[in-house]
Amino acid sequence: MFMQITKQHQVHGGTLRYLRHDSATTGTPMTLSVFVPGGEGPFPVLIWLSGLTCTEDNFTTKAGAYAAAAEHGLIIVAPDTSPRGPDLQGKPVADDPAYDLGQGAGFYVDATQAPWTPHFRMESYVVGELIGLIDKEFPTTGARSISGHSMGGHGALTLALRHPHLFRSVSAFAPISSPTRCPWGEKAFTAYLGDDRAAWEAHDAARLLETGVGAGCYDDILVDQGDADPFLADQLKPELLEAAAEAAGQGLTLRMQPGYDHSYFFMASFIADHVAFHARRLKA
């Protein structure tokens with residue numbers, strides 16, 4: 001295997017591996033987890049993108065996705081949210097209140113601004129290097145879907161809309177629906193992409209749909225959002241995504257879940273629905 005196995009566990013009849021490899025795209029080591037169900041395969045793939053401050057471990061240990069993945073016969077891949085290293089921008093969250101920029105906050109874009117440009121290339125990493133490695137190293141069918149949470153929900157939506165030939169389906173939990181119109185996105189895009197707001201819109205799911213990019217490529221997009229989420233009004237703004245999808249004729253199922261917040265307890269409550277949503281389309 002090209003990637004180094006750092007840990008391995010049996011779970012729900014399948015195998016969960018934590019992996020590390022030297023990335024040609026980011027110029028740094030990158031880490032991820034991969035669950036492969038029991039059996040010979042080949043299997044379709046669901047890529048999961050996590051949110052601010054997360055590593056590959058948050059989804060892996062908290063979402064409870066592997067029983068559903070085993071039932072439906074899906075590989076699930078969960079990469080880290082950014083390159084990391086002592087010479088990169090950003091500090092651990094415990095040391096730096098600016099959790100929304102730098103390490104743990106890659107925003108799934110390719111940075112065009114110094115000092116981020118050499119390493120913060122998360123779009124190219126996910127849609128290029130990561131997909132290639134998974135198809136090379138694991139028994140995949142070549143069919144894949146994408147999902148994510150918060151910043152990762154933004155990443156799943158924008159990468160699916162920008163690269164529809166790569167994905168059969170897309171879903172999200174509490175995505176940053178229009179990062180050009182919220183504080184998290186404005187801060188990150190200014191740092192990574194510069195001051196030209198026109199360049200930002202290519203990485204904003206609502207704006208992409210407003211201009212027709214990716215619209216109609218998916219029969220439906222599934223989004224779950226908790227109505228008790230503290231970030232709902234100021235940062236997430238699902239109503240902008242809903243309006244853009246409706247105007248573009250793109251199917252969108254937005255489920256407002258009463259009483260749920262932004263945590264992994266919310267995701268664990270509905271992750272089986274998302275796995276089944278993707279499995280139907282991956283096996284169609």
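Is Cys182 buried or exposed? In this predicted model, Cys182 counts as buried because its relative accessibility is 1%. Cys54 is likewise assigned to the buried class, as its relative accessibility is 7%. The sulfur of Cys182 finds its closest cysteine sulfur in Cys54, at 17 Å, which is too far for a bond. A disulfide would require the two sulfur atoms to lie within 2.5 Å. Across the whole structure, the search returned zero disulfides.

The strand arrangement was examined next. Six strands form an open sheet with mixed pairing, in the order β1-β2-β3-β5-β4-β6. Its edges are formed by β1 (4-11) and β6 (140-148), each of which pairs on one side only. From one strand to the next, the twist averages 20°. Within the sheet, β3 (residues 29-36) and β5 (residues 75-79) run antiparallel and are joined by four bridges. Val34 stands opposite Val77 of β5.

Two helices lie across strands of this sheet. Helix α3 (residues 122-137) lies across β2 (14-22), β3, β4 (43-49), β5 and β6, and runs at about 50° to β3. Helix α4 (residues 151-162) lies across β4 and β6, at about 130° to β6.

A further site concerns Met256, which is located in strand β9 (residues 253-257). Met256 counts as partly exposed because its relative accessibility is 39%. Beyond residues up to four places away in sequence, Met256 touches Gln225, Gly226, Asp227 and Leu232. Gly226 is 30 residues from Met256 along the chain, yet their C-alpha atoms are separated by 5.7 Å.

Technical notes
Residues numbered from 1 in each chain as written. Predicted model: local features only at pLDDT ≥ 70, side-chain atom pairs only at ≥ 80, totals over all residues. Heavy atoms only, no water. Buried < 20%, exposed > 50% of the residue type's maximum accessible area, 1.4 Å probe, protein only. Contact = heavy atoms within 4.5 Å. Pairing = 2+ DSSP bridges. Axes fitted to C-alpha atoms, helices over the stretch in contact; angles between N-to-C directions.
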